[in-house]
Each structure stands twice: as structure tokens, then as C-alpha cells.
Amino acid sequence: MTVTGAHFGTNSSLIGLSLMRDMSTAGSDLINFPTQVQITEPHTKFTFTAPVGTGKDRGVQVILPSGDSVANEHKSKSEVGLDEPSFSYFPPAISAMSKAPTTGGAVTITGTGFGFTASRSTMHIGGTNTSSLCSNLQVVSSDTVMTCSVEAGVGGAVPWLLNVDGQVASGSSFSYQPAQINTIMPTQGAKGAVITISGTNFGSRAEDVTILIGQYACTDTVMLVPHSKLTCRVPEGEGINVDLKANVSGVVSPASKFSFTLFGCTDDSAENYNPLATVLDSSCIFLGCTNSRSVNFNAKANKDLSLIHI
């Protein structure tokens, strides 16, 4: 930082500095700190490195000469107050946030401008009321990493608001973790059959969850155990090893597999083989000679070629 004024002298080592948090009351919240002062123009200008901090309208008090060996009556101090020059730290900026389980839990926040303590900071995720407060906010790496505990919730693009010492950053980039499907019972079923899905991160409300089997959505979803088990009815559809996914308020799980029950011919040597059929019925057609006295009799044939007219 650069300070411009008068009567700073020519010896950088004699200049001491204090930072002031509240400019409205002269002499309050003065913080002595070590720093490297460099006079760039004799008597009128010097630079120094500000310590890690937060806030706006911070005052700088120049003490000359400084040092423990200098009696207070010999020290000259610059004026501080609302009419004096001030500076502000850059406002906070968030570059990344970890995802939390739908049951709630720890969130790691990465960025800049967090300071060295969270005592003057608040973080809200999902709103601005008390219930959205991300609790136990801490700075775990000076100025760049914070952690807090978010409440249970669902969804992606969740709004957040960070207030660091009166300076605010906001956005909608927070997301809860996607659902993870562990088991599907049964893994095959016809329209209307009830299937049970177990896993994690389903949230607590059935209305927030859509189970998709391919392009078809399950119906009558019921939450049996919040966040971990639900049931739904198989929709109309077809296919073997179709992707089954859980969409929890816009956040989609990795795919598991499910097959629609379809009666038909599952023998790939039949004329009417159906690759989508999962249950063999009596519909398979095998062309050939059905006359057992013929030299080309085919025991598997059930439709005689001689009966086919072109």
C-alpha cells in the first residue's frame, strides 16, 4: 500500500504503523503490526505491506519515531477519524465450494478475502434466514479457505451469501451431492410393479425425487427412509439394462441398470426374435420341415416351409 502525506522523514526504520477498524472513534481498535516500510519519496510518500485482514474504511495511523525505546511523549502520531483518508480490503470472492450430503454436513469454501478469523463473518446457503446459516464458520487457511456446516437440503445452483466484515459476496453455485444408488430390488419389472431403491443423498421429500428409467419417469414415489430408501412404480417402457437414475431437485445420480419385463421370443435363432424381450413365451417361430418322415425334418421347426406361399 502507498501512503502519501507530509513529515515522514527519510528513515524508513523510524516509521511505525497502526491500523484502525472504526474510523468513527479516534483511538479505538488500533492494531500494532510489524511490516516492512519503504520510503519512496523523502518526507512525503512511503509504501508498506498490509497484514491479512478484512473490512472497509480502515484507518492508518503513522507513528514517528516508533520503537519501544522511544518514550510516548516523544512520539508524533497522525490524526485518525472520519475525515481522514482510509482504505478497504478487497471484498471476499469464492472460487469453489465442496458438495455436502443431503443430510447436511461440512462444506469447504475456497477463495480470497476471508481474513485470518471468521469472527466477523457469516455464511448463508439456501437463503438468508437463521435456518440457512452455515454454522461453525472457521478460517482454516489464512485468507483463502473456510469451512462450515450446512443444514440438510437438496439441489444444485443453490444460492449462497457470504458476509466478511461488512463486505458481501453472493452467488448460486452451491450444490448438494448427487444421489448414489446402491441397490434396486427387483432389477426387472413390468409396468406398475413396485421397485425399492436404496442408496444415499435422496433428500427427505419424495416430491423432490424423480426416478428415470431411460426416458420414462417412475410414478408414485414414496420415501421410506429419508435420504436412503424409496419406492416407485415402474412406468410403461421397454429395454434391457436401461439406465436408471435419480434426479434429486435437478442433481442427477450416476446410472444403475434396470430391465423392463417384456414377454416375447428370446431365442435369437427364431424368425421373430425380439431383442427387447426378457421373458420367453410360446410365440417363437422356427421355419423348417415339420414332417418327421422327410429327410430334411427339423425337430425345432414349428412352421412348415411348404405352407409358405410367395
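Student: Which residues have the most contacts inside the largest nonpolar core?

Tutor: In soluble globular proteins, nonpolar side chains tend to be buried together. A nonpolar core is here a set of buried Ala, Val, Leu, Ile, Met, Phe, Trp, Tyr and Cys residues joined through side-chain atoms within 4.5 Å, where buried means under 20% relative accessible area with a 1.4 Å probe, protein chains only. In this predicted model, the largest such core has 22 residues, and Ile109, Met123, Trp160 and Phe174 have the most contacts inside it. This is a predicted model, in which local features need pLDDT of at least 70 and side-chain atom pairs count only at pLDDT 80 or more, while totals for chains, interfaces and linings use all residues. Residues are numbered from 1 along each chain as its sequence is written, and side-chain values use heavy atoms, without hydrogens and water.

Student: Which strand gives the largest share of this core?

Tutor: Strands are DSSP runs (E, at least two residues), numbered from the N terminus. The largest share, 4 residues, comes from S14.

Student: What does leucine 305 contact, leaving aside neighbours within four places in sequence?

Tutor: With contact taken as heavy atoms within 4.5 Å, leucine 305 touches Leu287 and Gly288; leucine 305 lies in the segment after strand S29 (303-304).

Note on methods. Buried < 20%, exposed > 50% of the residue type's maximum accessible area, 1.4 Å probe, protein only.
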